[in-house]
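Reader: I am new to this structure. Could you take me through it, and say what lies behind each label?

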Amino acid sequence: MTGGIAFSKGHGTQNDFVVLPDPDAALDLTPARVAALCDRRRGLGADGVLRVVRWAKLAGEPGVGEPADGVEWFMDYRNADGSLAEMCGNGLRVFARYLHERGWATGGPVGTRNGVLDTAVGPDGVSVGLGTVGVGPASVATGGDARFDGIALDVGNPHLACVTAADPDTLDLTRAPSFDPALFPNGVNVEFLTPLDGPADGGRIRMRVHERGVGETRSCGTGTVAAAVAALRHAGHSAGDVQVTVPGGLLRVTVEAGTDERTGPTTLHGPAVLLASGELDRAWWDAPA
């Protein structure tokens, strides 16, 4: 096929994405088109879209800002419903894998709506630095008749991480949990995690997540970091190395010591897989969604 729209499909612990290489920002990536791409019946199916674009070509778009010196590529991420998102940890790992496989970059800094973040691509996975995490007030999520105590966390995007003794597999996440709209006016990603098992260094938790603009996903990179921070603080620790089991696999989060209001730097480690590439039919792309 020629003349179509190039794409790849990838995932990080089954958090899956359509990758659109668009170095010169030539694609009209409307919310309706993103939603159609991510639809699992009428499109390719994904939790979100990663547009691979040169930062200089996207400057001036919402939340983008001017390019940082020496940073060529920008991760333009969209949720499955077409909305813009400030950050996506697993998406950044897949984005870095794509740049590496194409020979466009071999790791290093990437521009995002949460600033410049560092990436490292290795044979066994991709690690990304997600910066420091802001620690907010305690809050509550509700689902059905159940109430879950949590903590507000800012990982470049908003999270409400709830430590619970309930088995995460028993939770019904077919509906979005309720939350405090005054605290989260733009919506929130809600994590449910078991208490920390083991010492701060080498602890293990299990997590499920309901992502705003998507629904429950098999994994969430920033949510994994939020869960690790919440679990450490629940156990009385400010730093540690935490293994997080999500429905889609295993991730590892390193949290460095910080203050009561903000952690030190955090790093997310895990697999990132590219599984297919092809072309979207131009007539499908141009048709009304």
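This is a predicted model: local features need pLDDT of at least 70, side-chain atom pairs count only at pLDDT 80 or more; totals for chains, interfaces and linings use all residues.

Reader: What makes residues 221-234 a helix in the sense used here?

Author: A helix needs a DSSP run of at least four residues. Helix α4 has 14 residues. So α4 qualifies as a helix.

Reader: How does the reach of α4 compare with the expected value?

Author: From first C-alpha to last, α4 reaches 20 Å. At 1.5 Å a residue, 20 Å is expected, and the helix is close to that.

Reader: Why is α4 called largely enclosed?

Author: Twelve of its 14 residues are buried, so the rest of the structure largely encloses α4. Among the buried ones are G221, T222, G223 and T224. V225, A226 and L232 are also buried.

Reader: Which residues does UniProt mark as "active site"?

Author: The UniProt record, an unreviewed entry, places that feature at C88 and C220.

Reader: How do you know that they gather at one spot?

Author: They span 133 residues in sequence, yet no two of their C-alpha atoms are more than 7.6 Å apart, so they gather at one spot. Of this set, C88 is taken in by the lining of the largest cavity.

Reader: Are C88 and C220 buried or exposed?

Author: Buried means under 20% relative accessible area. C88 has 6%, so C88 is buried. C220 has 3%, so C220 counts as buried too.

Reader: Where is C88, and what is it in contact with?

Author: C88 is in the loop between β4 (73-79) and α3. Beyond its neighbours within four places in sequence, C88 is in contact with F17, M75, Y77 and T222.

Reader: And where is C220, with which contacts?

Author: C220 is in the loop between β13 (215-217) and α4. Its contacts, leaving aside neighbours within four places in sequence, include N15, N90, H159 and E211.

Reader: Which residues does UniProt list under "binding site"?

Author: The unreviewed entry lists N15, N79, G89, N90, N157, N189, E211, R212, G221 and T222. Of these, the lining of the largest cavity includes N79, N157, N189, E211 and R212.

Reader: What makes G89 buried?

Author: The cut-off is under 20%. G89 has a relative accessible area of 0%, so G89 is buried. G89 is found in helix α3 (residues 89-102). Leaving aside neighbours within four places in sequence, G89 is in contact with V128, L130, G221, T222 and L268.

Reader: Why is N157 called buried?

Author: N157 has a relative accessible area of 5%, so N157 falls under the 20% cut-off. N157 sits in the loop between β9 (146-154) and β10 (158-163). Not counting residues up to four places away in sequence, N157 touches E86, M87, N189, R212 and T222.

Reader: How far is the backbone oxygen of M87 from a polar atom of the N157 side chain?

Author: The two atoms lie 3.2 Å apart.

Methods
Residues are numbered from 1 along each chain as its sequence is written. Side-chain values use heavy atoms; hydrogens and water are left out. UniProt positions are given in the numbering used here, feature names are shortened, and annotations may be inferred rather than shown by experiment. On a 1 Å grid over the protein atoms alone, a cavity is a set of points where a 1.4 Å probe fits but cannot get out, and a pocket is an open set with protein on both sides within 12 Å along at least five of seven lines; lining residues have an atom within 4 Å of a point. Helices (H or I, at least four residues) and strands (E, at least two) are DSSP runs, numbered from the N terminus. Buried means under 20% relative accessible area, exposed over 50%, partly exposed in between (1.4 Å probe, protein chains only). Contact means heavy atoms within 4.5 Å. A polar contact is a pair of N or O atoms within 3.5 Å; within protein, one must be able to donate a hydrogen and the other to accept it, and residues adjacent in sequence count only if both atoms are side-chain atoms. The expected span of a helix is 1.5 Å times one less than its number of residues.
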